[in-house]
Amino acid sequence: MSLAAYKILHLLGLALAMLGLGGACIHALNGGDRESNQKRGLVAALHGTGMLLLIAGGFGMLGVQKLGMPGWVHPKLLIWLFVGAAYPVVNRKPGTAMGVLLLLPVLVIGAAYLGIYKGG
């Protein structure tokens with residue numbers, strides 16, 4: 001696949017992951033919990049599929065550009081690990097939803113900065 005195709009895959013993954021996690025946070029902020037979320041499977045599928053596409057698109061871009069594993073990739077992977085882990089945390093502890101919702105833009109901007117400026 002081309003670099004452009006991997007970029008689109010990566011951005012689609014970002015959109016789906018944020019949609020799923022944002023939906024879970026809003027549900028929790030409205031007083032919902034894991035058991036009351038009738039669309040929990042859909043929200044989890046959006047988040048999980050998004051995370052998979054994010055990682056596949058990111059590593060695809062690295063492969064196409066033959067970059068190997070530069071140092072800026074490690075903090076970006078750590079950011080995506082936090083985003084991936086946030087969904088089960090919000091489901092199990094709805095009180096964390098506001099913090100997660102406020103932290104998400106910071107994490108996304110950090111990941112974008114690392115990807116665009118290659119770590120500095």
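Leaving aside its neighbours within four places in sequence, which residues is His10 in contact with? They are Leu53, Leu54, Gly57, Gly58, Met61, Lys76 and Trp80, where contact means heavy atoms within 4.5 Å.

A word on the ground rules. This is a predicted model, in which local features need pLDDT of at least 70 and side-chain atom pairs count only at pLDDT 80 or more, while totals for chains, interfaces and linings use all residues. Residues are numbered from 1 along each chain as its sequence is written, and side-chain values use heavy atoms, with hydrogens and water left out.

**His10 and its helix**

His10 sits in helix H1, residues 3-29; helices here are DSSP runs (H or I, at least four residues), numbered from the N terminus. His10 counts as buried because its relative accessibility is 11%, buried being under 20% relative accessible area with a 1.4 Å probe, protein chains only, exposed over 50%, and partly exposed in between. A polar atom of the His10 side chain lies 3.4 Å from the backbone nitrogen of Gly58.

**Two helix pairs**

Two packed helices are described by the angle between their axes and the distance between the axes. Axes are lines fitted to C-alpha atoms, for helices over the stretch in contact, and angles run from 0 to 180 degrees between N-to-C directions.

| Helix pair | Axes come within | Crossing angle |
|---|---|---|
| H1 and H2 (residues 40-65) | 7 Å | roughly 155° |
| H3 (residues 73-92) and H4 (residues 97-117) | 10 Å | roughly 160° |

H1 passes H2 in a left-handed crossing, and H3 passes H4 in a left-handed crossing. Left-handed means that the near helix is turned anticlockwise from the far one by less than a right angle.

The residues of the contact of H1 with H2 divide into 18 nonpolar, ten polar and one charged. The contact of H3 with H4 has 13 nonpolar, two polar and one charged residues. Among its residues are Lys76, Trp80 and Val90 of H3 and Ala111, Leu114 and Gly115 of H4.

**Two lysines**

Lys76 is found in helix H3 and is buried, with a relative accessible area of 13%. Not counting residues up to four places away in sequence, Lys76 touches His10, Ala111, Leu114 and Gly115. The Lys76 side chain also reaches the backbone oxygen of Ala111 at 3.5 Å.

Is Lys66 buried or exposed? Lys66 counts as exposed, at 72% relative accessibility. Its place is in the loop between H2 and H3. The phi angle of Lys66 is near 55°, a positive value in a residue other than glycine.

Conventions
A polar contact is a pair of N or O atoms within 3.5 Å; within protein, one must be able to donate a hydrogen and the other to accept it, and residues adjacent in sequence count only if both atoms are side-chain atoms. Ala, Val, Leu, Ile, Met, Phe, Trp, Tyr, Cys and Pro count as nonpolar, Asp, Glu, Lys and Arg as charged, and the others, Gly among them, as polar.
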